[in-house]
Amino acid sequence: MTTIAAAQTRPGTGVVIPLCTPLTPGGEIDSPSLRRHLDHLINNGVDGVFALGTSGEFGFLTDRQRVAVVRTTVDHVAGRVPVLVGVSDTASERAAAQVRLLMGFGADGAVATAPFFAATGPAEIAAHFRRIKQELGELPLFGYENPPRVNGVSIPVTTVLDLAEDGTLAGYKDSSGDLDYLAALLTGRRERGLDAFRVLSGSETLAAESLRAGADGLVPGLGNVDPVGYVRIYSTAGVDDAACDAEQQRLRELFAIVAIPTHTQMGDSSRALGAFKAAMKLLDLIDEDRCAPPSVLYDDTDRARVAALLRAHGPSPRGALSGTDRMVAS
């Protein structure tokens, strides 16, 4: 059941952080670190959290681990902000099973990508979302556009708007990084009179432009590291654009942590999520920067490169950051 406090802030507006999932050295969910991180985000003004998205490594976690993440998040947030939960899976019945597994703990809405691995088209994608919504019932469902992770194909704008029009989708997270795609969504929403349909940008580097184009909120993975920066962008977009653009440029420079030349050979997911977690550990937000298998882990050389970018572009510290020593966020 949605709590009174969470209901006062409708899911799908403002700054919603797609949570990284802290892990212990043994690979279990680090609930104390997750609780500490949630408090840090909420105390710094975010409007919601999203568990088990790409930043949360949902695809690498067991069902038992996913349940632990959702239980801990919902219990600890305790209605202070809305909680969204990812239920993405390769096919419709698998996603429906995730709804049954995860949505009974009190979250405020669910998020799902299109089906992935198998080649699907608009008809299959629409049927997929309708099946998830059928299982979800009255809780809102948010679609999730992330082409690099879902067969490299965008969900057609007309399909998204049709699903909004028939009540299947309450909102949509666009992580395509394509401003033309976002503009088409926003234009179609206006033309169809879908005022209640929420459109959020998942781009760390185009947050300001997305808000000025008409997006209702932001879902930036980098917000795990620097929530205050995205809260500032949200509050200044269209009000003080010089300040907004300056903050966006700083965050673009900080986002370079996801592309450092790592000392250890690894793929892009290991590099990006490892960077977020290394930065979070340096900021004393979590205890360990471990990612879930089969991710390749950062070493001290990699951490030092992240630390250098934090010194140059990251959140203001109370104490100096030296080498790979921890830095405490203000």
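Predicted model: local features only at pLDDT ≥ 70, side-chain atom pairs only at ≥ 80, totals over all residues.

**The barrel**

Select the strands next. The barrel is closed by 8 strands, which follow the order β1-β2-β3-β4-β5-β6-β7-β8, and their pairing is parallel.

Begin with strand β4, residues 109–113, and strand β5, residues 141–145; they pair in the parallel sense over 4 bridges. Now return to Y144 and turn towards β6, where the bridge partner of Y144 is K173. The pairing of β5 with β6 is likewise described by 4 bridges in the parallel sense.

Select strand β6, residues 171–174. G171 and K173 point one way from the strand, while Y172 and D174 point the other way, and all are buried.

From D174, continue to β7, in which its bridge partner is S201. Between β6 and β7 there are 4 bridges, again in the parallel sense. Strand β7 itself covers residues 198–201 and has both of its faces covered. R198 and L200 lie on one side, V199 and S201 lie on the other, and all are buried.

**A residue in strand β3**

Select V83, which is placed in strand β3, residues 83–86. Is V83 buried or exposed? Its relative accessible area is 4%, so V83 is buried.

Now show what surrounds V83. With its neighbours within four places in sequence left aside, V83 is in contact with V49, T73, V74, V77, A107, D108 and G109. To place V83 in the chain as a whole, select P315 as well: the two are 232 residues apart in sequence, and their C-alpha atoms are 25 Å apart in space.

Select helix α2, residues 31–43, together with α3. Their axes come within 10 Å and cross at roughly 45 degrees. The two helices are therefore oblique to each other, and their crossing is right-handed. Show the side chains of S31, L34, R35, L38, D39 and I42 in α2, and those of V69, T72, T73, H76 and V77 in α3, for these residues make the contact. By class, they divide into 5 nonpolar, 4 polar and 2 charged residues.

The crossing of α3 and α4 is right-handed. On the α3 side, select D63, R66, V67 and V70; they meet Q98, L101 and L102 in α4. This contact consists of 4 nonpolar, 1 polar and 2 charged residues.

Move on to helix α6, residues 157–165, and helix α7, residues 179–192. At what angle do α6 and α7 pack? The angle is about 35 degrees, and the axes are 10 Å apart. In passing α7, α6 makes a right-handed crossing. The α6 residues V157, T158, V160, L161, D162 and E165 meet Y181, A184, L185, G188, R189 and R192 of α7. The contact of α6 with α7 has 6 nonpolar, 2 polar and 4 charged residues.

**Details of the backbone**

The final selections concern backbone geometry. Most residues other than glycine have a negative phi, and most peptide bonds are trans.

Select E57, in the loop between β2 (48–51) and α3. Its phi is near 60 degrees, a positive value in a residue other than glycine. E57 counts as buried because its relative accessibility is 3%, and buried means under 20%.

Next, select A78, in the loop between α3 and β3. A78 is not a glycine, yet it has a positive phi of about 50 degrees. Is A78 buried or exposed? With a relative accessible area of 54%, A78 is exposed.

Finally, select P293 and P294, which are joined by a cis peptide bond with omega of about 10 degrees. P294 is placed in the loop between α11 (268–282) and α12 (300–313).

Definitions and conventions
Residues numbered from 1 in each chain as written. Heavy atoms only, no water. Pairing = 2+ DSSP bridges. Left-handed = near helix turned anticlockwise from the far one by under 90°. Contact = heavy atoms within 4.5 Å. Nonpolar A, V, L, I, M, F, W, Y, C, P; charged D, E, K, R; others polar. Axes fitted to C-alpha atoms, helices over the stretch in contact; angles between N-to-C directions. Buried < 20%, exposed > 50% of the residue type's maximum accessible area, 1.4 Å probe, protein only. Parallel < 35°, antiparallel > 145°, perpendicular 65-115°, else oblique.
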